[in-house]
Amino acid sequence: MAKNLAIKVARAEKDLTQKALADMVGVSRQTINAIEKGEYNPSIKLCRAICRALNKKLDDLFWEEDNNDENY
Amino acid sequence: MTKTTKKAKNNLDERQEAALLKSESKGFWLAYWLLLAVILIQVIIGTTPFSKDIPPMAGEWIVFMVMCIYSVSRYMKDNVWDRRLKPDFKTNLLLSLGAGAVVGILCACMLLVNGRTDVIDLLIAFGAGFVSTAVLCLIALSICAAAYKKKRAMLEEQEAEEDNIE
């Protein structure tokens, strides 16, 4: 799974640490780190909580650009 | 009808819960195949003359110990403690006392079943089982809790460094 840089960027824009974001969405810091590293695929519930915390849309943070997209 | 029972708060977040469920799932299949192997081995050995030399339930004990070691090592690797229980001294002490009481009662019952009805003997058996089990459990739980906290602190520190660098 690829790294999720969008979350890291959005977090940096809001000047939030992993710990602060983790507290906002009610998970451990390790979980936010795992999501950013692409080691953990979060549930839709957690994705929505992260989007709300970072004031972003689901597509902004969790949509993976794929070469095959143009085929659809 | 509404449910009035309130569930205790889960200490784990969804990633930790997923890791725990995965460990439990793998543990179930490990126990399943090991128990099947034990049954087959016992069936084969049961037909041989040296089957009397093997203590009763030896296979089951081996499986139980393997499962204990597997569980602890997986939980340590995933840095997961428990859904409801916390790794503090009070909880560890209560668990150890509970385990000690169970083993103490078991020891006393074994004496009773074998026809020993003297109250002093029963109390000594209970006390020996209770104290030894409670102390060993408390030591084991304290070591595991310390290891869990150490690894957690290490991971937090490591991630904090990564967070600052990037």
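Hi everyone, this is a short walk through how two chains meet and how part of chain A is packed. Please keep in mind that we are looking at a predicted model.

Let's begin where the chains touch. On one side, 13 residues of chain B take part, and they are in contact with 17 residues of chain A. Together the two chains bury an area of about 1300 Å², and carbon and sulfur atoms give 35% of that. Which elements of chain B give two or more residues to this side? They are helix H1 (14-45) and helix H4 (119-165) of chain B. The largest share comes from H4(B), with 7 residues. Sorted by class, the side of chain B that touches chain A has 9 charged residues, along with 2 polar and 2 nonpolar ones.

With those charged residues in mind, how many salt bridges are there between chain B and chain A? The count is 0. As for polar contacts, 6 residue pairs are counted between chain B and chain A, with both residues at pLDDT 80 or more.

Salt bridges do turn up in the structure, though: over all chains it holds 7. One to look at is in chain A, where Lys56(A) pairs with Glu13(A), and their closest N and O atoms are 3.3 Å apart. This pair links distant parts of the chain, 43 residues apart. Glu13(A) is in helix H1 (residues 5-13) of chain A, while Lys56(A) sits in the loop between helix H4 (44-54) and helix H5 (58-62) of chain A.

Let's stay with chain A for a pair of helices. Helix H2 (residues 18-25) and helix H3 (residues 29-37) of chain A pack at an angle of about 110°, and their axes are 8 Å apart. That angle makes H2(A) roughly perpendicular to H3(A).

Who meets whom there? From H2(A) we have Gln18(A), Lys19(A), Leu21(A), Ala22(A) and Val25(A), and they meet Arg29(A), Ile32(A), Asn33(A) and Glu36(A) from H3(A). By class, that contact has 4 nonpolar, 3 charged and 2 polar residues.

Methods: Residues numbered from 1 in each chain as written. Chains lettered and ligands numbered in written order. Predicted model: local features only at pLDDT ≥ 70, side-chain atom pairs only at ≥ 80, totals over all residues. Heavy atoms only, no water. Contact = heavy atoms within 4.5 Å. Buried area = accessible area lost by both parts, 1.4 Å probe. Salt bridge = Lys/Arg side-chain N within 4 Å of Asp/Glu carboxyl O. Polar contact = N/O pair within 3.5 Å; in protein donor to acceptor, adjacent residues only side chain to side chain. Helix = DSSP H or I, 4+ residues; strand = E, 2+ residues; numbered from the N terminus. Nonpolar A, V, L, I, M, F, W, Y, C, P; charged D, E, K, R; others polar. Axes fitted to C-alpha atoms, helices over the stretch in contact; angles between N-to-C directions. Parallel < 35°, antiparallel > 145°, perpendicular 65-115°, else oblique.
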